[in-house]
Amino acid sequence: MKKKWWHDKIAYQIYPKSFYDTNGDGIGDIQGIIQKLDYLSDLGIDIIWLSPVYLSPLADQGYDIADYYQIDPRFGTMEDMDELIAEAKKRGIYILMDLVVNHCSDEHEWFQKAIADPEGKYGKFFYLEDAKNGLPCNWRSYFGGPCWEPLPGTDKLYLHVFHKKQPDLNWENPEVREEIYKNINWWLDKGLGGFRIDAIINIKKALPFRDYPSDRSDGLSSIHNMLKEADGIGDFLQEMKHRTFAKYDAFTVGEVFDAKPEELEDFVGEEGHFSTMFDFTTVCFGTSEKGWYDCRQITPEDYKECCFSSQEAIQDIGFYANVIENHDEPRGVSHYLPEGEVNNTSKKMLATINIMLRGIPFLYQGQELGMENMPFKSIDEIDDINTLDEYKTALDAGLSEAEALKVISRYSRDNARTPMQWSDAPAAGFTTGTPWLRVNPNYVSINAAAQVHDEDSVFTYYKKLIALRKHPEYKDTVVYGKTIPYLREQKNLMAFYRKGKEKTLLILTNYQKDPQSVKLPSEKYRVLLNNCSTLNQKGDFITLEGYQALVLELL
Ligand code: GLC
Ligand code: CA
C-alpha cells in the first residue's frame, strides 16, 4: 500500500456553533476555535474537520449554504478563517472544511435566479419538473415528507432529498460541476488540508424519476430504494478528484452511506475517489426504514461483529475513518455502552477500541471528555429538524408523547450538539451569554478544566492512546498492522491483534460489567496501556475486570 501523509493522523471534528463562543452571543465562532488550538494540539490532534461555517440561514445548521465563498457573520469573517488556517499550520494541524454540494440553500443566488427564470441557465442547476402532473416520484425526503416542493411563483416543482430549504444541485449539468470545482480549488488555494464530503452518495440520481414501492403509510418510499439503482457516481467523483483534490494531494473523507459493497475499492482503494470514508457499520446497525422508534439497540456482540467485519473488508483495500459519534449521532458512550454502565472505565474501553482499530480515528468534540447524551425533558428543548420529524413519525405510529420523547432522546442529533463543556463555570464556560442550545447539566462534573491535569481522566487516557499511535516504536504497527480478531467467539470479549512488520500488539477489552477470564496466547508481554489499576494474571490467564481494556505488546 502506497503511504500517504494522512495515514498516521488523528482527526477531530468541530461543530463550530457549539465549540467556543468568544463574543458572548451564545454561538461558537472561529475565534473560539483559534483560542482552543493549543488544547487540541496538547491532545495530539493533527487534522481538524470544521462542520460548515459558510454563509447560511442555518435551517440545517449550515448544511444549507447560501454562498460558498463567504463565512457566516455569526461564525466570523474570512480574515478569521485565514487566521485559523495559519495558526493551525503553525502547530502542524491541517484544516478540513465541509464540502456540501449535493444541495445548496434555497437562499443561494443560483436558486433565486432559478425562481426568477426557471427556463434559464440557473433553472438547469436544479431538478425542476412540471407541477401539473402531480409529484414526479414518491421519494421521501430524509427529513420527512415528499422530496418535491413548489418552486415559488412558478408552475414547477423542485427536488430536495433533504429539507425543502436544501434544493438538490443537478450534477448531470456540467456547468454545475464546473462551479463546484472552481470553489473547491479556491479553498484549497487558501491552504486547506482537504475536505469532509457531505452526503455525497446522493449526487447521482436514478433517472428518469419514478416511484418505488412505498414503505410507510404515507405512500412514499425511502431514498435508499432509489440509491440502490443509481449507477455511475464514480464518473462524477473521479472527475471531481482529478480536477481538484488530486492536484493538491489533499485529504478527503467521504460521508458515504449506501455504497455498494463491491464499490469499496472504487471509493477508497489506491485510485479511489476519496482518501478515506467513515465506517458507519455500527451507526447503521439496527436502523429501520420505519423510523427511530423501530430501531434495534446494538449489543456488545453486535458492536464487535460490526467492527470486525468492516476491518476485514477494508484492510487489503485502504483505510476507513473510525468514529463513535459525530454531529448527526448520539454520544458514543451513551449509544454503545449499556444503559447504567456508562462510567470512566467503560468510556476508556470504548476509546481503546476506537483508537486501536486500524483506520484513521475521527474524534468528535467532547468525546475526549466522555460527554454523554442530554437528558431531554420536553420536545421543546429540541432544535434539530430531523429529530422533530422523527418525533412526529413516532407519534403517528401510535407511541405516546412520553414514549416518543424517550425514543428521540436516544437518537437525537442534538445530543451531540449541546455546547462543549469547558469548565464548571455557568454555561460550561462555553459562552458568557445564553447558549443557543441548552448545556448538558452534567457539565459540573464532566468538563475539560477538571480533566486536563487529572492523570485518571478520560481526557488523559485519550491523550495516552493518541501518543501510543504516534510512538516511533509502535506507530507503524498501529497504523499499518493488520487487525486479526482474537477469541472472536468469546462472549462480550472484544479482542484483536494488530500485527505489524516488526511488532504484534494484542488489545483485550471486556465489554461487560462482570469480570471475565481470557487465555493469553503468550505469557511474555509488555503492558502498554491499562484503563484499570490492576492486572490479575494467573498462568496464561488474565481475569479482566468489568470494562477493563489492555493494550499489550507481545514479546
Ligand atoms: C449530512 C450531514 C448532516 C446534514 C445532511 C444534509 O448527513 O452530516 O448534518 O443534515 O448531510 O446536508
Ligand atoms: Ca460568538
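This is a predicted model: local features need pLDDT of at least 70, side-chain atom pairs count only at pLDDT 80 or more; totals for chains, interfaces and linings use all residues.
**Exercise 1.** Classify the ring pairs Trp5–Tyr94 and Trp139–Phe209 as stacked or edge-to-face, and find where each residue lies.

*Solution.* Start with the total: the model holds 39 aromatic pairs. In one of them, Trp5 and Tyr94, the centres are 4.2 Å apart and the planes make an angle of 25°. Planes under 30 degrees apart count as stacked, so this pair is stacked.

Now turn to Trp139 and Phe209. Their ring centres are 5.4 Å apart with planes at 70°, so this pair is edge-to-face. Trp139 belongs to strand S7 (residues 139–140), while Phe209 is in the loop between strand S10 (194–197) and strand S11 (221–222); the pair therefore ties together parts 70 residues apart in sequence. Both Trp139 and Phe209 are buried.

**Exercise 2.** Explore the largest nonpolar core: which residues touch the most other members, and which helix gives the largest share?

*Solution.* This core has 156 residues, and those touching the most other members are Tyr12, Met81, Phe195, Tyr303 and Phe362. The largest share, seven residues, comes from helix H18 (residues 458–470). Then look around Met81: beyond its neighbours within four places in sequence, its contacts include Ile30, Leu50, Ile71 and Trp187. Phe362 also turns up in an aromatic cluster, whose members include Trp5, Trp49, Tyr94 and Phe280.

**Exercise 3.** Work out which strands stand at the edges of the open five-stranded sheet, and which helices pack on it.

*Solution.* Write down the order, S16-S17-S18-S23-S20, with antiparallel pairing. Strand S16 (482–486) and strand S20 (525–530) each have a single partner strand, so they are the edges, and one side of each lacks a neighbour in the sheet. The twist averages 25° from one strand to the next. S16 pairs with strand S17 (residues 493–499) over five bridges, and Tyr486 stands opposite Ala495 in S17.

Helix H11 (residues 300–314) lies across S16 and S17, at about 20° to S17. H18 touches S20 and strand S23 (549–554), and its direction makes about 135° with that of S20.

Note on methods:
Residues are numbered from 1 along each chain as its sequence is written. Chains are lettered from A and ligands numbered from 1 in the order in which they are written. Side-chain values use heavy atoms; hydrogens and water are left out. Rings of Phe, Tyr and Trp (its six-membered ring) pair if their centres lie within 6.5 Å; planes under 30 degrees apart count as stacked, over 60 as edge-to-face and the rest as tilted. Helices (H or I, at least four residues) and strands (E, at least two) are DSSP runs, numbered from the N terminus. Buried means under 20% relative accessible area, exposed over 50%, partly exposed in between (1.4 Å probe, protein chains only). A nonpolar core is a set of buried Ala, Val, Leu, Ile, Met, Phe, Trp, Tyr and Cys residues joined through side-chain atoms within 4.5 Å. Contact means heavy atoms within 4.5 Å. Two strands pair if DSSP finds at least two bridges between them. Axes are lines fitted to C-alpha atoms, for helices over the stretch in contact, and angles run from 0 to 180 degrees between N-to-C directions.
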